[in-house]
Amino acid sequence: MERQMINRMSFLFFSFFLLLSYFNVSHAKTPSSSSQANTFTPRASLIRYWNNHIFNNLPKPLLLFSKASPLNAQNSAIFTNFATQNSLSSHFHSFCSLANLYCSFEGHPLTQVYEKNFNQGNYGYANVKFKNSKLDSGSSVNRWVEPNSFFRESMLKKGNVMVMPDIKVRMPKRSFLPQAILSKLPFSTLRLSELKGIFHVRENSSMEHVLVNVLAECESAPSRGESKQCVGSVEEMIDFVVSVLGHNVVVRSTKNGNGSKQNVMIGSVKEINGGEVTNLVSCHQRMYPYLLYYCHSVPKVRVYQADILDVESKAKINHGVAVCHLNTADWSPKHEAFLALGFSPGQIEVCHWFYENEMAWTTAD
């Protein structure tokens, strides 16, 4: 009885400590001078990491920094210690809540796609309807594709009217993990049982199918000439991008999902890198308890930014990023782009929009 009382008091004390720490977390949305002044905040640490790896004076990317972990230094240290001791599972609920994770996909609309894939033995994202790396790599895929996903480069001219595909994000909102915690967690099909234990995943559940699909895609062999990595922290994304493009880089993204599934007018268009053929690192969100991006290199492209206008009022409703793949000779003849546009591999360039929250990295202009 006395031991039960001690255990209960210890749990209450720990919960109170975490709750107190939670209210001390900085809620700043973007890097600020105040966060830079306090050198002990996690956000200040990320800013230092950025400054030590990205060699230009361009503004720091608001989208990327907005997805950093909300954990303050105290909570991050506590959960890092738990991860080191393999005891995160015992603090599952507080970890999910304070770290802004999504720890149960049961009932989420996207899980229906994963259930179908899992039951048919189609691991990975080959049958997922939402745009992913397969659109960039030219692989043959067997799936339904968002209408109007592909277009010709000539459409990116001011005044042209086109149908915008559904570029809204359907993923649940989550945050990256601190690198110190992430590095302690398993991320491998061979360690799936450990992963299921940490996140309390039931056998044959939607959550298990999500994990299996993501791990299968992240572990799949890259396409010829491609580099790829699944990243779960800001630091991991920066490291991968720098390894492919070097230290003088910039990231762009489509501002929001406005204009989806409707006619839109192209406004002002900017050619990135002066319209020269360039290399791109493309990062796409994946379903996972913490925020995870599938990043991969895409060679020989032209990248554009364009204002998206309402057709009737001509008011600006979005600012989009589009990429045009110039060398499609190695793409499959069955790729949906050719089925939609009516050509064969190597005959045309293929363009598509980036969805909101996706990230397009290039060398800086």
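These are my notebook entries on a predicted model of one protein chain.

**Ground rules.** I number residues from 1 along each chain as its sequence is written, and I use heavy atoms for side-chain values, leaving out hydrogens and water. Because the model is predicted, I ask for pLDDT of at least 70 for local features and 80 or more for side-chain atom pairs, while totals for chains, interfaces and linings use all residues.

**Overall.** I looked up the secondary structure and found 13 helices and nine strands in the protein chain. These elements are DSSP runs numbered from the N terminus (helices H or I, at least four residues; strands E, at least two). Of the 365 residues, 52% count as buried. I take buried as under 20% relative accessible area, exposed as over 50% and partly exposed as in between, with a 1.4 Å probe and protein chains only. The chain exposes about 17,200 Å², and carbon and sulfur atoms supply 52% of that area; the areas come from the Shrake-Rupley method with a 1.4 Å probe, and for residues only the protein chains shown count as cover. I also checked contacts (heavy atoms within 4.5 Å). Among those between residues at least 6 apart in sequence, 73% join residues at least 24 apart.

**Helix H11.** I went to residues 206-219, which form H11, a helix of 14 residues. From first C-alpha to last it reaches 20 Å, close to the expected 20 Å; the expectation is 1.5 Å times one less than the number of residues. How many of its residues are buried? I find 12 of the 14, including Met207, His209, Leu211 and Cys218. Charged Glu208 and Glu217 are on the buried list too.

**Cores.** I searched for nonpolar cores, meaning sets of buried Ala, Val, Leu, Ile, Met, Phe, Trp, Tyr and Cys residues joined through side-chain atoms within 4.5 Å. The largest has 37 residues, of which Phe95, Leu101, Leu177, Phe199 and Tyr290 touch the most other members. Helices H5, H6, H9, H10 and H11 and strand E6 each give two or more residues to this core. H11 gives the most, with seven. Apart from this core lies another of 25 residues, among them Ala68, Met237, Leu291 and Met359. I then listed the contacts of Leu177 beyond four places in sequence: among them are Phe95, Leu101, Leu182, Gly232 and Tyr290.

**Salt bridges.** I searched the whole structure and got 12 salt bridges, each a side-chain nitrogen of Lys or Arg within 4 Å of a carboxyl oxygen of Asp or Glu.

- Arg152 pairs with Glu349, the closest N and O atoms being 2.7 Å apart. Arg152 sits in the loop between H8 and E1, Glu349 in the loop between H13 and E8, 197 residues apart. Arg152 is partly exposed at 27% relative accessibility, whereas Glu349 is buried at 14%.
- Arg224 pairs with Asp330, with closest N and O atoms 2.6 Å apart. Arg224 is in the loop between H11 and E2, Asp330 in the loop between E7 and H13, 106 residues apart. Both residues are exposed.
- Asp365 meets Lys270 at 3.9 Å, N to O. Asp365 lies in the segment after E9 and Lys270 in E4, 95 residues apart. Asp365 is exposed at 55%, and Lys270 is partly exposed at 41%.
- Asp166, Arg170 and Lys261 are linked in a network of salt bridges.
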